[in-house]
Protein chains: 2
Amino acid sequence: MKQFLKLYTTTFLGLFLLTSTPLFSMSNGYGLWLDYTKIKDKVVLEGYRSQLQGIYLEEGGATLKVIGEELTMGLGTLLDTNLKFNALGGDGNMLIVSKYMNLPKNLTEKMEVDDLKKEGYIIKNVDMEGGSHVVITARDDIGLLYGTFHFLRLLQMHKPLKNLEIVESPKVDIRMLNHWDNLDRTIERGYSGFSIWNWQTLPDYIDQRYIDYARANASVGINGTAVTSVNANALILTPHYLEKVKALADVFRPYGLKVYLTARFSAPIEIGGLKTADPLDAKVIQWWKNKADEIYSIIPDFGGFLVKANSEGQPGPQNYGRTHLDGANLLADALAPHNGVVMWRAFVYSEHDPTDRAKQAYNEFVPDDGKYRENVLIQVKNGPIDFQPREPFHPMFGAMPNTPLMMEFQITKEYLGFATHLVYLPKLFEEVLKSDTYRKGKGSLVAKVIDGSLNHKKLTGMAGVSNIGTDFNWTGHPFGQADWYGFGRLAWNPYMDSKDIADEWLRCTFTNDEHFVGPVKKMMMESREAVVNYMDPLGLHHIFDTGHHYGPGPWVDNLSRPEWNPVYYHKADSLGIGFDRTKTGSDALFQYAPEVQKMFTDLETCPEEYLLWFHHVPWDYRLKNGRTLWDGLGIKYQKGVDQVREMIATWEQMKPYVDDLRYKQVTMLLNIQLKEAKWWRDACMLYFQTFSKMDFPKEMEAPEHALEYYRSLQFPYAPGIRPSWN
Amino acid sequence: MKQFLKLYTTTFLGLFLLTSTPLFSMSNGYGLWLDYTKIKDKVVLEGYRSQLQGIYLEEGGATLKVIGEELTMGLGTLLDTNLKFNALGGDGNMLIVSKYMNLPKNLTEKMEVDDLKKEGYIIKNVDMEGGSHVVITARDDIGLLYGTFHFLRLLQMHKPLKNLEIVESPKVDIRMLNHWDNLDRTIERGYSGFSIWNWQTLPDYIDQRYIDYARANASVGINGTAVTSVNANALILTPHYLEKVKALADVFRPYGLKVYLTARFSAPIEIGGLKTADPLDAKVIQWWKNKADEIYSIIPDFGGFLVKANSEGQPGPQNYGRTHLDGANLLADALAPHNGVVMWRAFVYSEHDPTDRAKQAYNEFVPDDGKYRENVLIQVKNGPIDFQPREPFHPMFGAMPNTPLMMEFQITKEYLGFATHLVYLPKLFEEVLKSDTYRKGKGSLVAKVIDGSLNHKKLTGMAGVSNIGTDFNWTGHPFGQADWYGFGRLAWNPYMDSKDIADEWLRCTFTNDEHFVGPVKKMMMESREAVVNYMDPLGLHHIFDTGHHYGPGPWVDNLSRPEWNPVYYHKADSLGIGFDRTKTGSDALFQYAPEVQKMFTDLETCPEEYLLWFHHVPWDYRLKNGRTLWDGLGIKYQKGVDQVREMIATWEQMKPYVDDLRYKQVTMLLNIQLKEAKWWRDACMLYFQTFSKMDFPKEMEAPEHALEYYRSLQFPYAPGIRPSWN
């Protein structure tokens, strides 16, 4: 205990040294995937101990200090030993951590560094006089930190330390979290408590969480964070708040984590005292230049602005008859002298535009391809609507060869069961990244758009809308941590297999016991299809209850904007169900490459999981299995419920392998998931039955209540809703 | 580590068994004053081990199980040993825990139980054949649990276990927390995060916090909790929410903690579909009867209703031309068949009433003394205004001999520096409780009103407005835990010395090292006078910035209701400052007993700490020390700042005795306190100088900014404000 605590504490920049007081605290998940534990397998342990007899760590600044602390804690705990930091050249097998430029010649001549890029690292065995060493090297300090985390992960996963030949460089430049956190600490679409940013006590009080947040992000290669909501508040750009942001930036810096802010387009009026925010107005241009100068004088490595403009009521350049291009370039020019970037969100749609909402972003942005400044990225949601359990990839991917497009994933589960459903999102992310846009022929994967390789982009990025809150375990659901972890891993390398990511996460978070890893990984991998089945099967989408998006609301038809109503999306009638996006309908398919258009248009080739996304299909249409669409719908809903039952059965078998707190937590949450899966099935099928007039398929269990019951349910305080929408 | 965890886990009703995974978690204060640690003093440890060789614990239900778990964990950790539970009559010195009725005769004949009341307990040494035992006995299970916590506290404090003759019974019946928690998890006047009640996931998800909350409350004898805000939402009384409340009640029950709810007076309209909430309307009467029946069918031991009516915009009986008496008795009649109680708050004041706000509650309630049902308590704030750093006791105490009056203290620091100032509140509570009302002659202490002894009351109570939130350490400031602890101890025994309480809390929470306990106890004891000095010296009150009450706002004069404006309270003008509440002014003094009136009226006898509360005094008035009032004011403000500096100096010396996380946290917080103490001094003195036109006394440091700077400060997202007031 003492030993552990002593080691543990060195992480925190030496600020926080603990006594040996026992903790009245649970294995509460706070430690995430960095919950180093002593290796129990004696063979593995002894192997590591003999390979790691000392550490050489290059001297240096704050990041090097962080590396030393992480190694002291990580190795100290994993190996249950107190490793010494030594000079080079002594006896024994060493871990050597040093930038390439500082390594002695007899080491560098054994290393191949041509493929090593900024932030990248090499982990390699090198035999030299005195011992057989493991070398972690990089071009920069952050590369060393990332390599250190990778190295510790090898140990957490009991990987052999022989024949190591790891060369890793990030494939994406900007790998960042988007916090939809408001200044009052509510979080839009937050389900794991409230914002970890305590603006009231900043800058004077540094919450331990800020440090651990930076460390966790660095461990998966996340290098940026926009700490405020895209529905932005201009106050964050005032000196009072910038001083607080600076305090965060100072904490994050050693971990390679840059701070970004959301810029409210009307800020020049609201906090600048100007009469307009017109992007072509000289005073407005000057105001943003001055504001950028001011921010960089306070935070020299400030990342840049994230902007939601002219979307869902947010102000933007169109208020002045200007375009998104005008707006983005305005901010880009202000940031350019400081090497800052603008991430301009493509999530725009207008109640004044009768076009299929799925088409509007493409229409708005694609014509201006190539006209954006070099430091502008267009941030595009993975699909054309809004983070549904399943969407086809966004048609903008691949359609703007001359503009950097960033991916925007949602890690928080707005439409996937909040923080109470176990749904492993990297499976969804992988599906999107591996989708083929065909924009430069077969193999033009979305991943290649994101990493820039499809069109040789100079600036690339991936953003994930954070699922982090004040809950002890950060993400509410213990398995929500895997989504944060997996997002980071995929931002580093968009070609990773989500199954491998699950494997890593499980071993680092829980145990290496195969009796646990195997079944639970299977459960995770199947969980995403389960949620699609019990919420939105066969291409259905956006049939959530409105506002809070908690539970089903396919019947909702009374909202002021047509495209906010679920009936807009499913279009169920006496003939059938689904949104015709072919030429006979909205022709949204026209926005895809011809090969993709063709595949989705033809009912023979359109994958059934996208059927109702692109087609309005008769109730008695025959699916590939010969059953009617109506039966198939019911069978899918039932399947989703059954899959949750299987998850529960799997989890019950895991009791011997997992601590009881998390065992119990996950058990309670899976029971909520089952209850809500049934709710979805019953509510949706009863409602759609009012159109199909057909009996439920025999495979489907009878609903527990009548339709009116489901329609009557109200949840005025469901979490995550913008207060002004309440 | 293993040992500790194994022991630890048994607390949680056996639900949560932990593995030996090290915790990536800090000594984060979650454990409160129950953070049992192994006793390091060998003499003490060996003494305890020889005294405690085994445990006999009576068999029984849920509460007995909780006792067993607490003893296993507490003794296991304190003594670093695994004590066996044995039958009676064996060899060795035992701890015997059993209700009196179940003790064998040879034990009962050695016990004196005449003074033992409901919930009380005895801890006593008894020698018998076989050994020298410590016996904990009680009339009921809860008494045994309270006795167990007391016993463990003796060990935490290294007290000898010889010649024990402890007989403790609570002096107050209802000892409860009031949570001002909203259904959206914001907390009105909450500064340590958000509500720990996660209504979204209740009843299916039982957060570990609910269990630990109940346990912490039981450890200090708190036996009730109103989980919802007094600015009530009627939805809490609907079946959807009552099911969630039931889940909490089920968790709390073994710990002797009853659930209460706030009843919105207009609920019959809002959720009952009635046209009126007139307390004399037959349908309304029936509705509340039915509602009470419904609640008790779900929660058989439901405590009752807490009501804020016709105050600050809340609905109430006066909306229908009825009285508080009518309203309270309406609810009392509905609850009476189930033995529920109504706590009707006296905190009422009206913008239509030009009377001094300090007088209104008394005027409203005192005339109806004796007319309230037997199960009604009138809940009275400690002072006549609103939880100021210092107020004279409320004139209602002692003035309603025929009606039970409950005390309402505020544990959350709305007016005392939020969760960032170290201010030890039991000192304030003690001052109030030991105030003499003189209603039945000298010695008619407020404490005697509260424990019912002054007028032989059958029903007594004390409420504390909770300072608990989702922060890891529950209360934000590590020293905020002492206020929760101390409230509980004073509710159990309103005659306790706050210094003794600080001593207990420090030893149980930090260490028994006298180098720490002595100086820190002194710092705590002086902290309340410090905050009075730097915020509201010499009887000033309610000069806080409005709405959020963060920082000074003595200049505010533009609010719609006169009594919401700070200028209403300080009445500074060219002649002087202070609120004349003598006969020449509002004559609020008339509401006190003649002896008290006399003391406060006469400038010779009025204590200077109440000077400006009761008198408008010229700027050049001579204080007892010969200085002018103006100089005295500046000297007091300066003194407050200096006192915080002393606290910082004291705390710096404590580094060797406290874990570094809390050391650093308190250091950061004390620095905020110093910054804000200066802000108060400078803002208030600069503002008052505009009236006095006098130079600052030479003792006072020069202000850091001009008055306009302080007036310009705005804090739109200061925490704890009701969203609708924002």
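Which handedness does the crossing of H15(B) and H16(B) have? In this predicted model, the crossing of these two helices of chain B is right-handed, and the way they pack can be followed step by step. Two packed helices are described by the angle between their axes and the distance between the axes. Helix H15 of chain B covers residues 498-509 and helix H16 of chain B covers residues 514-535, and they pack at an angle of about 135° with their axes 10 Å apart. Because angles over 145 degrees would be needed to count as roughly antiparallel, that angle makes H15(B) oblique to H16(B).

The residues that bring this pair together can be named on both sides. From H15(B), Ser498(B), Lys499(B), Ala502(B), Asp503(B), Trp505(B), Leu506(B) and Arg507(B) take part, and they meet Glu514(B), Phe516(B), Val517(B), Val520(B), Lys521(B), Met524(B) and Met525(B) in H16(B). Sorted by class, the contact of H15(B) with H16(B) has 8 nonpolar, 1 polar and 5 charged residues.

H14(A) passes H15(A) in a right-handed crossing. On the H14(A) side the contact involves Gln481(A), Ala482(A), Tyr485(A), Gly486(A), Arg489(A) and Leu490(A), which meet Ile501(A), Glu504(A), Trp505(A) and Thr509(A) in H15(A). The residues of this contact between H14(A) and H15(A) divide into 5 nonpolar, 3 polar and 2 charged.

An annotated region of chain A comes next. An unreviewed UniProt entry lists residues 475-700 of chain A as "domain: Glycosyl hydrolase family 67 C-terminal". In the model, the end C-alpha atoms of that span lie 33 Å apart, and the span is 54% helix and 2% strand.

The unreviewed UniProt entry also lists Glu312(A), Asp386(A) and Glu414(A) under "active site". Among them, Glu312(A) is found in the loop between strand E9 (304-307) and helix H10 (324-335) of chain A. With a relative accessibility of 14%, Glu312(A) counts as buried, because the cut-off for that class is under 20%.

Gly417(B) lies in the loop between strand E12 (405-410) and helix H12 (425-433) of chain B, and at 8% relative accessibility Gly417(B) counts as buried.

Conventions
Residues numbered from 1 in each chain as written. Chains lettered and ligands numbered in written order. Predicted model: local features only at pLDDT ≥ 70, side-chain atom pairs only at ≥ 80, totals over all residues. Heavy atoms only, no water. Left-handed = near helix turned anticlockwise from the far one by under 90°. Helix = DSSP H or I, 4+ residues; strand = E, 2+ residues; numbered from the N terminus. Contact = heavy atoms within 4.5 Å. Nonpolar A, V, L, I, M, F, W, Y, C, P; charged D, E, K, R; others polar. UniProt positions renumbered as here; feature names shortened; annotations may be inferred. Buried < 20%, exposed > 50% of the residue type's maximum accessible area, 1.4 Å probe, protein only. Axes fitted to C-alpha atoms, helices over the stretch in contact; angles between N-to-C directions. Parallel < 35°, antiparallel > 145°, perpendicular 65-115°, else oblique.
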